[in-house]
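Have the structure open while you read.

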Amino acid sequence: MANRYQNRIELLQGTLDLLILQTLRWGPQHGYGLSQAIRLNSGDILQVDTGSLYPALHRLERQKWIAADWKLSENKQRVRVYRLTAAGKKRLLSERSRWAQLSDAIAGVLEPAKKESEA
Amino acid sequence: MRFPFWRSKRQKQLEQEIESHLQMAKRDRLDHGESEQQAARSARREFGNVALVEHVTRDQWGWVWIEELMQDLRYAARMMRRNLGVTLVAVVTLVSGIGANTAIFSLVDGVLLRPLPFRDANRLVAMNADYPKGAFVVMRDQSRTMDVIAIRDGSAFNLTGRDLPVRLTGAEVSASFFKIMGAQAAMGRTFQDGDDQPGKDDLVILSHSLWEHRFGSDPNVLGRTLLLEGVSRTVVGVMPTDFRFLSPKTELWVPLDLDPRQIGDYWGSSYMPILARLRPGITIDQAQGDLAELRPKILAAFAWRMPDNSYIKSRVIPLQEAIVGDVRTNLLVLLGAVGLLLLIACANVANLLLARATTRQKEMALRAALGASRWRIVRQLISESVLLSVCGGALGLVTAKYGLSILKSVLPADMPRLADVSVDTRVLVFTGLLSVLTGILFGLAPAVGASKVDLTKSLKTGDRSGTSGNTALSRLLVVGEVAVSVVLVIGAGLLVKSLWNLSNANPGFHAEYIVTARVTPNQSFCEMAGRCQTFYNDLLAGVRSLPEVKEAAGVNGLPLGGGFEVIPSDVEGFAIPAGAHVPMMMERVVTADYVRVMGIPLLKGRDLTEADTAPNAERVVLISKSTAERYWPGKDPIGQHLKPRWLDPWWTVVGVVGDVREDSMTRNLEEWLDGEIYTPYGPHAIAGRGPEGPPADLTLVVRTGRAPSQFAGDLQSVVSRLNGDVPVTQIETLHGWIADAISGPRSTASLFAVFAALALALGAIGVYGVISYSVAQRTREIGIRIAMGARREEVLYLIVGQGARLALVGVAAGLLGALALTQLMSSLLYGVGAADPATYIGVALLLVVVAIAASYVPARRAMRVDPVVALRYE
């Protein structure tokens with residue numbers, strides 16, 4: 001458990017949105033399910049903090065990228081289930097391309113950074 | 001924090017959502033074989049602080065923008081503290097811009113915009129021409145659309161019978177004046193219908209300040225009798241403090257004396273403004289139509305035949321417009337000037353922020369990488385600039401408050417409504433809006449520039465040269481700044497030049513060594529034949545015998561706006577052309593030496609003499625040069641005749657004198673006057689009230705080497721020896737009187753000059769800033785140039801040339817702008833065209849020189865660049 005904690009990476013704000021939208025592409029999901037899915041899919045590295053998850057969900061809902069419904073779970077419990085909207089699908093595409101750009105950029109930074117330190 | 005009720009429902013749902021999360025986590029753990037108690041505990045531990053999660057989630061519910069705004073503002077405040085130098089320069093710049101705008105707006109608001117302090121003030125109108133009393137009565141009795149008021153303001157009343165005689169300023173008003181204006185007395189009553197009938201009109205109403213200061217707020221003042229101008233009047237009321245009409249100087253109101261038997265007064269010499277209130281449902285156009293229908297009735301009622309098209313141009317205008325008059329242009333021009341000044345200030349601060357934005361590019365890239373949207377970054381930067389400008393606005397408001405009291409002392413005291421001007425809620429709102437707009441205006445350029453960050457490039461290379469867009473923008477801003485400065489400095493140049501022309505214009509008389517004093521016996525004092533004449537003869541003799549007095553004379557009003565009488569006249573042999581009105585002659589009633597003492601040139605014929613003032617003397621007048629040219633062109637005016645329309649014997653012209661600036665430094669007479677005559681101070685002079693007879697109120701003009709303060713005591717004792725009830729006021733030099741006459745143009749010119757100087761300084765700072773920044777950016781390049789063998793002077797020229805080029809472009813644009821904009825102020829100019837080449841060339845040179853000087857400092861820095869250091873610079 002301690003080990004897992006050390007490996008955790010603080011999620012950047014924009015990145016969490018991306019992960020939520022991406023995860024919802026596979027189908028509607030409730031908050032707990034989302035956090036589990038992100039954790040499992042990242043091989044236990046990305047641990048989503050509830051203090052980030054719920055605000056993010058409510059914000060994405062407000063931005064109309066996701067929508068929420070109350071449903072009954074298999075255990076007959078009322079749960080709030082989120083699903084991707086059409087706008088959310090579009091958003092997901094642009095977030096993904098931004099992410100690609102960012103990771104290129106960061107890769108770029110890491111490379112010539114050495115050169116600069118020599119000057 | 002209290003939530004609206006719908007929120008508490010949402011709150012419950014949130015609690016439910018979190019509860020379900022905990023339940024599901026617990027179930028998973030139970031499935032993994034944990035005990036009931038352990039599962040619940042670790043699910044809760046993993047979840048974290050429930051209250052905190054609820055809190056941060058709630059924040060997403062719609063008041064996010066407030067939250068983000070606070071975050072932006074906190075951040076902005078931190079940035080401001082960190083860049084204290086930049087912040088200070090920016091705030092000072094903004095304070096001058098916003099402060100100046102707030103002060104001038106307060107003036108514009110108080111004078112032009114705020115409604116007059118009367119009930120339904122927008123229903124009050126005025127005629128744009130003055131009418132005699134008789135015409136007023138026709139309008140009052142026959143108008144179908146308006147309740148009509150006549151008011152003569154600024155009449156002087158001697159209050160005697162108490163300790164020292166005092167001179168009070170009052171207004172003569174028709175009986176329904178207060179009722180129509182909608183004003184109530186604070187004590188007693190206002191005038192009622194019929195109070196202006198002869199014999200029943202010996203009444204007076206006091207202003208609050210007169211009652212307070214002169215009567216010690218005596219609660220028993222009602223019913224007391226005051227001796228005003230030798231007439232005893234009963235006090236019937238005291239007005240409240242906030243009733244000042246027409247001007248704050250008005251200390252008392254008396255009923256207008258409407259006696260049709262006094263033909264000269266009733267139809268001739270008592271032209272006065274006519275006001276009215278539109279009756280319910282009546283538009284100003286309908287009132288206009290009504291006035292047109294009344295016109296022939298008014299003309300028919302005249303005691304003598306008026307030309308058919310008299311008053312054909314009379315119009316009904318809103319009262320506010322009538323009161324403000326030509327002050328409007330002055331104020332709007334000043335408002336325009338401070339507006340331009342604010343633009344320059346904005347451009348300066350924008351440049352400052354642009355330069356800083358460049359150094360913050362990595363920060364912006366990082367924020368973008370962390371998921372901040374472009375809009376979010378723009379908003380962040382705008383919040384910073386708005387915070388900056390709001391600080392500027394707050395301080396500007398303080399500045400404006402002090403500035404306003406300075407303004408009030410600089411502006412001519414007779415400026416309408418000046419007393420009403422103050423910093424109030426409307427001004428606060430204006431300043432608030434102005435600050436925010438300003439912040440957005442100067443924040444936008446840097447924000448858009450910074451948000452266009454190319455993520456990859458900035459982060460990858462830490463490159464500083466990706467700022468060429470910003471540099472172009474900041475140069476554009478400086479060019480704009482220079483251009484606007486040119487416009488302002490040219491405007492100031494033109495105004496100062498016309499002020500110079502005004503101060504040095506020939507007023508038609510010589511003011512050197514002349515001291516003036518107003519001597520004002522009661523008009524009733526003059527009713528006994530010859531009494532006033534004897535009094536003034538004795539007085540002038542007494543004054544002439546004072547030490548260091550060379551000459552002395554008396555006149556019924558000084559040139560440049562002093563009081564005068566108007567005589568609708570018949571001119572012998574002159575047929576009134578179609579469309580013209582009866583010749584209106586301005587009458588200067590003078591003692592024998594007046595023309596000589598004032599140095600008004602006698603062009604033809606003879607001067608007036610003592611003999612002309614005798615009761616049985618032939619009636620003679622002097623006329624002004626342009627009067628002679630107008631009525632007897634190409635003929636000898638000497639021996640020609642004219643007379644008041646309502647009197648019989650002709651007056652003979654015996655001399656022609658030079659034209660005098662009677663109205664103002666820019667024109668001899670008001671437009672509606674056709675000529676000027678000088679009548680000897682004797683029984684045949686027209687005093688305004690009687691059919692014939694000398695005016696009581698004369699201004700002495702005394703040629704003496706002594707200062708007014710030394711002279712005053714002697715003069716007062718001469719007067720007191722002759723008559724203890726006669727006040728002497730307004731003892732000053734004629735030069736002082738002239739200075740007062742151009743105080744309007746002077747205040748406009750000096751305010752404008754201050755704004756232009758500020759603009760010039762800001763423009764210079766702008767050029768300096770941009771060139772310094774460019775030198776800093778080009779250090780490496782300059783280093784290379786020097787390393788390659790460029791001489792240091794060449795570097796100097798390179799940099800200074802850069803500044804000069806910017807300035808030249810700005811100056812060219814500014815000259816074009818000035819050509820267009822100065823047209824708007826052409827009515828304020830005197831003796832100088834709006835496109836005066838000398839001013840334009842001078843200002844263009846000035847701006848180029850200032851720009852070169854401003855770029856010289858950073859250029860020196862560039863010259864001293866050490867190539868070795870410079871090449872390491874990046």
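## The sheet in chain A

Chain A has an open sheet of three strands, ordered 1-3-2 with antiparallel pairing. Strand 1 (29–30) and strand 2 (66–72) of chain A sit at the edges with a single partner strand each, so one side of each lacks a neighbour in the sheet. Strands here are DSSP E runs of at least two residues, helices are H or I runs of at least four, and both are numbered from the N terminus. Two strands pair if DSSP finds at least two bridges between them.

Seven bridges link strand 2 of chain A to strand 3 (residues 78–84) of chain A, in the antiparallel sense. Ala68(A), for one, has Tyr82(A) in strand 3 of chain A as its bridge partner.

This is a predicted model: local features need pLDDT of at least 70, side-chain atom pairs count only at pLDDT 80 or more, and totals for chains, interfaces and linings use all residues. Residues are numbered from 1 along each chain as its sequence is written, while chains are lettered from A and ligands numbered from 1 in the order in which they are written.

## Strand 17 of chain B

Strand 17 (residues 641–644) of chain B pairs antiparallel with strand 13 (residues 565–571) of chain B over three bridges; there, Pro644(B) is the bridge partner of Ser569(B). Strand 17 of chain B also pairs antiparallel with strand 18 (residues 651–657) of chain B, over two bridges, and a hairpin through six residues joins these two strands.

## Leu816(B)

Leu816(B) belongs to helix 25 (residues 792–821) of chain B. Val487(B) is 329 residues away from Leu816(B) in sequence, yet their C-alpha atoms are 8.7 Å apart.
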